[in-house]
Amino acid sequence: MPIIKLASLTFAYKLLAGVIQPIADDKITSLLEHIGDVFKIFLAILTSISFMIIIGTTLVLKISNSGMMYR
């Protein structure tokens, strides 16, 4: 769920920066683009950590089950 939320926030900020670019000041547009970039970095961090947790949990379960198999 947090991955979907971060992806939607990233898309929303990038879209908002594109929509208000002709109307607003360049500083505001730049700020919104940078906020979208920060959310993109957070999304990459969250995705990679989630992937590492899944792999780690799978390895621990695999190791513990193989020990039980030899008894």
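Mentor: What follows is a talk about the contacts, the aromatic rings and the surface of this model.

Trainee: What should I know before I start?
Mentor: This is a predicted model, in which local features need pLDDT of at least 70 and side-chain atom pairs count only at pLDDT 80 or more, while totals for chains, interfaces and linings use all residues. Residues are numbered from 1 along each chain as its sequence is written, and side-chain values use heavy atoms, with hydrogens and water left out.

Trainee: Okay, how many salt bridges are there?
Mentor: The count comes to one salt bridge, where the term stands for a side-chain nitrogen of Lys or Arg within 4 Å of a carboxyl oxygen of Asp or Glu. K14 is paired with D37, and their closest N and O atoms are 2.7 Å apart.

Trainee: And which parts of the chain does that pair link?
Mentor: The pair links distant parts of the chain, with K14 in helix 1 and D37 in helix 2, 23 residues apart. Helices here are DSSP runs (H or I, at least four residues), numbered from the N terminus.

Trainee: How accessible are K14 and D37?
Mentor: K14 counts as partly exposed because its relative accessibility is 32%, and D37 is put in the partly exposed class at 29%. The classes are buried for under 20% relative accessible area, exposed for over 50% and partly exposed in between, with a 1.4 Å probe and protein chains only.

Trainee: Switching to rings, how many aromatic pairs does the search find?
Mentor: A search of the whole structure finds two aromatic pairs. Y13 and F39 form a stacked pair, at 5.5 Å centre to centre and 25° between the planes. Rings of Phe, Tyr and Trp (its six-membered ring) pair if their centres lie within 6.5 Å, and planes under 30 degrees apart count as stacked, over 60 as edge-to-face and the rest as tilted.

Trainee: Where do Y13 and F39 lie?
Mentor: Y13 lies in helix 1 and F39 in helix 2, so this pair ties together parts that are 26 residues apart in sequence. As for cover, F39 is buried, with a relative accessible area of 18%, whereas Y13 counts as partly exposed at 25%.

Trainee: What about F39 and F42?
Mentor: F39 and F42 form an edge-to-face pair, with 6.5 Å centre to centre and 70° between the planes. They are separated by about one helical turn because they are three residues apart in helix 2. Taken with Y13, F39 and F42 form one aromatic cluster.

Trainee: Which residues does T29 touch?
Mentor: Leaving out its neighbours within four places in sequence, T29 is in contact with A17, I20 and Q21. T29 has its place in helix 2 and is buried, with a relative accessible area of 4%.

Trainee: And how far is V19 from T29?
Mentor: The C-alpha atoms of V19 and T29 are separated by 9.2 Å, with the two residues 10 apart along the chain. V19 is in helix 1 and counts as exposed, at 51% relative accessibility.

Trainee: Last one, what is the separation of A44 and A7?
Mentor: Their C-alpha atoms are separated by 9.8 Å, although A44 and A7 are 37 residues apart along the chain. A44 is found in helix 2 and counts as partly exposed at 45% relative accessibility.

Key. Helices (H or I, at least four residues) and strands (E, at least two) are DSSP runs, numbered from the N terminus. Contact means heavy atoms within 4.5 Å.
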